[in-house]
Amino acid sequence: MTNRFARNIALVGEGEVVKSFVSVVSRTRPILKTRTSGATCYVVDMGSDAQVTLWETISWKAGAAPKRTALDTRVLQYLRSSCGIDLILFCIKARMGSSEDFVPCYDEVYVKECQRKAPVALIATGLEWSGGNMHGWWEKNKDNMFHLGLAFDVHACITTLHSHDDPCIQEQINISQTRVEALLQIQDYSQQLSHNPICSNESLEHSGGIPCSPEGSSVICAGSLQARTVAIVGASGVGKSSVINAIAGEKRARISSDADVCTRECKVFLVELKPGIITEVWDTVGWGEPCNETVTGLVKRLIGTRGIDLLLLCVHAGDRVKGHIERFKRDIQPECRKKVPVILVVTGLEKEDDMDMWWTNNKNASVFHELLVDGHACVTTVAKSDDLVYQQRIQRSLLRLRELVHRPIPSSVSFYELTREDAVIFLLGCTGCGKSQFISTLTGIPEDEAGVGHALQSRTYRFTAFKFPDSFNSGTPVVLIDTPGFNNSDSTLSDEVICKSMSVWLHEMYKRDIIVAGILYLHRPTDHPAMAHIRPFVEVYGESVYCRVCLVATMQDDAVDHQNESKISQRGDLDQLVSKGAKEFVYENTPESSRELCQKVTNDIDVARAAHLKRVVSELCQELPNSAGDRNADDVDLKSLEGLANKHLELIKRIREQSANEKAPEECLEQSKSVRRQMEDVLAQNGQGMSPPVERIKRCLRTY
């Protein structure tokens, strides 16, 4: 590409939708329609010696299956070989079933022809009926489209109407023109990949009179090894103060024996559950009409400043549950959505023979529909009792509440919420090997909520990502991805289908520079991992990915019978995986064992990042001219960059080994910093001709 702002966008979609999109562009920009190499294209004048060329490629009629012609192939090949494709733009009509319609076309264009290397965008039209929330269509459909293998780097939800008498629809028309203009103004679409969510800059000064410092810093001193923030919300008299006392193990908050308000202002209590682990527990005013803004304001401010690691929603079992839940869904849930793990704490169950049965009997009630929680705890907050049975229930409740606060509670996230800062861990294994149970043991989430099943059919139907707030003390956000089990009886979830879905995740993560920190392959004593299940990782990351594979043997509750002893002795592909660098572990079905496994993986995140950087640099160097006569000084510098990336990886490996042996790696650290500076100097000196891949390497260096 030249320094001149010239971008080539390949248009794919229904013929009428493509033309309506072009018409939206023509309202604000001069367009010249022409034909080049047998293809229709539209040259858009962006002003200031800049232009965008829209190329018609694959199109089809509404209701007909997308079909690629020989001309379509020639146009795509011409673009790739001559001027390059800066963006593939899929134009669709937003309606039910439209996603499935163009899956084959998406695979043909993006996967096969462009090999997932070009940025890809989605334009969804026909959203004038959305009631002022066109973007809501994307939020509702993005996960389902990704499940179908449709991943997009940029998107815009618009209407292509020219005008309308309804002021609301006319406003949507104006917004649509602005969105299309913004899409065309982007000079490097690759920079849109995995961008971090942008926080609102709105002032929080009047959100509820919360005793926070101006910077929103924690009240915990900087010398603490680990700090967590827990907020407790609920109506008056449900036992919030008693929950705090149970967590602290002593009386901290004043409690009342009736439903009178005993917490009249927001307070924070410091609780040390273990040495070096300090938890801020925020007690809020009980819900009442005059106080709603105060509670909502506290939650909003905490999320916007220090963040909330866990929110406990307290309700008292009884007739008032419905009103409490509805108020939470109305006032608090919109602030927590996808940002804060929420646990439902049901109190007042001291008279129940089995406290957990309350949730089993009530979870399907209509009031809990659309309630977004990541777990539950059925407890009693009675402080003491002479009754032995009550004492046992009180003790179980104390342990459950403290366990919830201490353990990392993950929040479910979609693919599009992953960032370059995350360390992603994949959980693989055959059906019934214990992947979802591993998550349940790690987090304390009840088994039925973690997707645990005991039949031959997998209970995990899709790839499910859980993001952990406390990072296992590694300083890096951790995302666990639970996958459907291999070898299950569901014909729609064959190993081939699962591996294909995994390939989509991995290719899109790699394109966005999101790191796979490790692969936990769980297997029972009678089952062994298969090389084929690791192949998608090797295709994306190369042979070095085997070093990130942890072969985890799960301890079964049932004794292994003699008939299966022969299966245990047959290690299958396990030995071959170990010979390539995979490591073997034994999982003891305990929270400590699960945390230790995750800790081992996240400890090696710097090595995984350095390996990723090396691979990205190697790909850049492979794109350079092969003949020496065609190379210039910039090409030679970029070739030297590959050697620096290799050296950087070796230094990071050495630092990791020395850190494991508790040796001081100061010399290696200085060498690593020096190598990074040399890489930055080479990138700074490089010409502009290779700017997109060079910018990608710069982003990796900044992030890692």
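Me: How many residues does H6 have, and how far does H6 reach from its first C-alpha to its last?

Reply: Helices are DSSP runs of H or I of at least four residues, numbered from the N terminus, and the expected span of a helix is 1.5 Å times one less than its number of residues. Here H6 has 19 residues and reaches 27 Å, close to the 27 Å expected. This is a predicted model, in which local features need pLDDT of at least 70 and side-chain atom pairs count only at pLDDT 80 or more, while totals for chains, interfaces and linings use all residues. Residues are numbered from 1 along each chain as its sequence is written, and side-chain values use heavy atoms, with hydrogens and water left out.

Me: At what angle do helix H1 and helix H6 pack?

Reply: Axes are lines fitted to C-alpha atoms, for helices over the stretch in contact, and angles run from 0 to 180 degrees between N-to-C directions. Helix H1 (residues 15-26) packs against helix H6 (residues 167-185) at about 90 degrees, with the axes 9 Å apart, which means that H1 is roughly perpendicular to H6 (65 to 115 degrees).

Me: Which residues of H1 and H6 meet?

Reply: Contact means heavy atoms within 4.5 Å, and by that criterion Phe21, Val24 and Val25 in H1 meet Gln177, Val180 and Leu184 in H6.

Me: Is Phe438 buried or exposed?

Reply: Buried means under 20% relative accessible area, and exposed over 50%, with a 1.4 Å probe and protein chains only. Phe438, found in helix H13 (residues 435-443), is buried, because its relative accessible area is 0%. Not counting residues up to four places away in sequence, Phe438 touches residues including Leu427, Tyr587 and Cys598.

Key: Helix = DSSP H or I, 4+ residues; strand = E, 2+ residues; numbered from the N terminus. Parallel < 35°, antiparallel > 145°, perpendicular 65-115°, else oblique.
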